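Me: Hey, got a protein here that I'd like to talk through. Can you take it slowly with me?

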Amino acid sequence: MSSAVRVRFAPSPTGYLHIGGARTALFNWLYAHHTGGTLVLRIEDTDQARNTAEATQAIYDGLRWLGLDWDEGPQVGGSYGPYFQSERNDIYEHHLKRLEEGGHLFEENGAIRFRSPREHVVVDDVVCGKIDFDLTNPETHPDMTIRRPDGSWIFHFVNVVDDLEMQISHVIRGEDHLSNTPKHIELYRALGAEPPRFAHIPLILNQDGSKMSKRDAGASLNTYIAEGFLPEAVRNYLCLLGWSPKDNREKIEIDEAVRLFELEKIHRKNASFDLAKCTWLNGEYAHQLPDDRFHSLALIALQKAGFDTSKFPPDYTRAALDTCKGKFRIFSELPAYCGFYFTDEISYQPEGVAKHFIPENRPRLQSLREAFKALENFDATSIEAALKATATELGVKVGALVHPTRLAVTGSNAGPSLYHLLEILGKTKALARLDRAVSQF
């Protein structure tokens with residue numbers, strides 16, 4: 001086997017890219033880049049009944065969204081293809097014949113099975129350490145099927161053959177595969193090959209300690225794409241899920257993660273997935289986005305929510321969005337926060353109506369409306385001064401006017417700075433919305 005580092009990510013296209021699979025891909029990518037090695041993408045599509053072209057595309061799209069390019073594999077090519085297991089049947093037949101000639105196989109009820117040597121197998125794992133597996137008892141370790149009666153291949157056999165043929169030097173995968181590894185080592189030995197180094201990374205668990213299933217919140221990478229997460233934030237979060245550079249930081253740039261990433265620094269204990277923390281981290285990244293990228297992502301989020309920003313002047317849209325930067329965590333939250341800029345069909349939050357659209361606030365809003373109407377310059381500074389002067393005249397606190405005014409013009413109890421959003425809406429629209437609100441009292 002070559003001394004060069006060659007790692008692989010080998011997903012099955014059976015639905016979507018799981019967050020655990022995405023992290024496995026990331027750790028392989030980090031190690032390949034850290035060592036100057038090669039990352040191979042291999043599609044394990046032997047389960048023809050469950051595999052779909054859409055699911056395969058979801059793998060490509062998910063990896064590319066995360067910024068994880070592969071050096072060899074589908075859509076890229078390479079010297080060790082084909083990179084779909086469904087196209088490698090002749091290779092499997094060749095190695096099956098080698099095992100047969102070596103006396104390692106027998107047939108039982110139409111299935112081809114591998115005859116275990118019945119020995120102890122020590123797995124020297126980079127993460128888990130040395131583990132002695134006792135495979136001497138056929139009751140607890142039955143001879144493994146490698147080909148079913150219908151001719152289809154079992155995962156263990158084709159997985160080993162592919163890693164052997166593709167000269168994979170390090171197998172970095174989830175700890176749920178650790179118990180399979182002694183069987184794989186038996187196959188390597190029977191084929192006269194040196195096994196790769198194994199590094200079994202800790203499982204990702206829910207907060208309650210249960211294993212993440214596809215139904216759990218945050219389990220599918222598609223969720224993050226659809227909800228408007230930033231790929232660099234999700235990648236950052238996954239980086240530190242089971243690995244750390246030993247300094248307790250929560251934010252790390254990808255170039256530094258590549259520089260510091262070592263398999264020996266992967267934690268032994270299972271990782272606890274916290275969607276709230278990932279969402280918080282995304283907010284930190286969103287706050288620091290360059291303006292152009294922020295605006296383009298914001299427009300996509302608004303369009304997804306049904307807002308047609310093309311009806312508004314670009315300067316208006318940009319100014320409106322500028323009042324939102326740093327005020328939300330994920331882009332799917334943006335339309336509810338600033339949609340009022342892009343529609344006149346405002347619905348008022350019921351709890352806000354109960355609290356602020358009360359009889360005594362009606363004359364107060366009418367007075368404020370008149371003060372706004374009298375302004376020559378309808379800018380944030382003038383708006384603030386007029387509101388505070390009106391509050392003084394009425395003998396109320398500023399908040400007694402701010403809250404009902406915000407509800408009147410946005411429909412919400414929370415949102416951008418009131419004085420700035422009123423300036424952007426403009427005098428005509430602001431007065432119309434105050435009139436409409438007063439009529440609702």
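This is a predicted model: local features need pLDDT of at least 70, side-chain atom pairs count only at pLDDT 80 or more; totals for chains, interfaces and linings use all residues.

Me: What's the radius of gyration, and what would a compact globule have?
Reply: The protein has 30 Å, while a compact globule of 441 residues would be near 22 Å. Along the principal axes, the C-alpha atoms fill a box of roughly 100 × 40 × 40 Å.

Me: OK, and how many helices and strands are there?
Reply: There are 18 helices and 11 strands. As for how the chain meets itself, take the contacts with a separation of 6 or more: 74% of them come from residues 24 or more positions apart.

Me: New topic, charges. How many salt bridges does a search of the whole structure find?
Reply: It finds 24. One of them joins the side chains of E175 and R268, at 3.0 Å from N to O. That pair links distant parts of the chain, 93 residues apart. E175 sits in the loop between β8 (170-174) and α5 (181-190), and R268 in the loop between α8 (254-260) and β11 (271-272).

Me: Are those two buried or exposed or something in between?
Reply: E175 is buried, with a relative accessible area of 19%. R268 counts as partly exposed, at 41% relative accessibility.

Me: Why does 19% make E175 buried?
Reply: Because buried means under 20% relative accessible area, and E175 has 19%.

Me: What about E384, which residue does it form a salt bridge with?
Reply: With K388, where the closest N and O atoms are 2.7 Å apart. Both residues lie in helix α15 (residues 380-394), four residues apart, which is about one turn of the helix.

Me: Why does that spacing matter for which way residues point?
Reply: An α-helix has 3.6 residues a turn, so residues three or four places apart point the same way.

Me: Which residues do salt bridges with shared partners join into one network?
Reply: R8, R42, E44, R88, D162 and D163.

Me: Staying with α15, is T390 buried or exposed?
Reply: T390 lies in that helix and counts as buried, at 4% relative accessibility. Leaving aside neighbours within four places in sequence, T390 is in contact with S367, L368, A371 and L401.

Me: Back to charges. What is the nearest side chain of opposite charge to D125?
Reply: R268, 6.9 Å away. D125 is buried yet has no salt bridge.

Me: Why doesn't that distance count as a salt bridge?
Reply: Because a salt bridge needs the side-chain nitrogen within 4 Å of the carboxyl oxygen, and R268 is 6.9 Å away from D125.

Me: So what else is around D125?
Reply: A polar atom of the D125 side chain lies 2.9 Å from the backbone nitrogen of V127. Not counting residues up to four places away in sequence, D125 touches L178, R197, F198, A199 and H200. D125 itself lies in strand β5 (residues 120-125).

Me: Last one, α4. How many of its residues are buried?
Reply: Nine of the 11, so α4 is largely enclosed by the rest of the structure. The buried ones include F157, V160 and L164. The buried residues pack against β1 (6-9), α3 (89-101), β7 (144-147), β8 and α5.

Me: And what comes just after α4?
Reply: Q167, which takes a positive phi of about 55°. Q167 is in the loop between α4 (155-165) and β8 and counts as partly exposed, at 27% relative accessibility. The C-alpha atoms of Q167 and P195 are separated by 9.9 Å, and the two residues are 28 apart along the chain.

Key
Residues are numbered from 1 along each chain as its sequence is written. Side-chain values use heavy atoms; hydrogens and water are left out. Helices (H or I, at least four residues) and strands (E, at least two) are DSSP runs, numbered from the N terminus. Buried means under 20% relative accessible area, exposed over 50%, partly exposed in between (1.4 Å probe, protein chains only). Lys and Arg count as positive and Asp and Glu as negative; His and the chain ends are not counted. A polar contact is a pair of N or O atoms within 3.5 Å; within protein, one must be able to donate a hydrogen and the other to accept it, and residues adjacent in sequence count only if both atoms are side-chain atoms. Contact means heavy atoms within 4.5 Å. The radius of gyration is taken over C-alpha atoms; the globule rule is 2.2 Å times the number of residues to the power 0.38.
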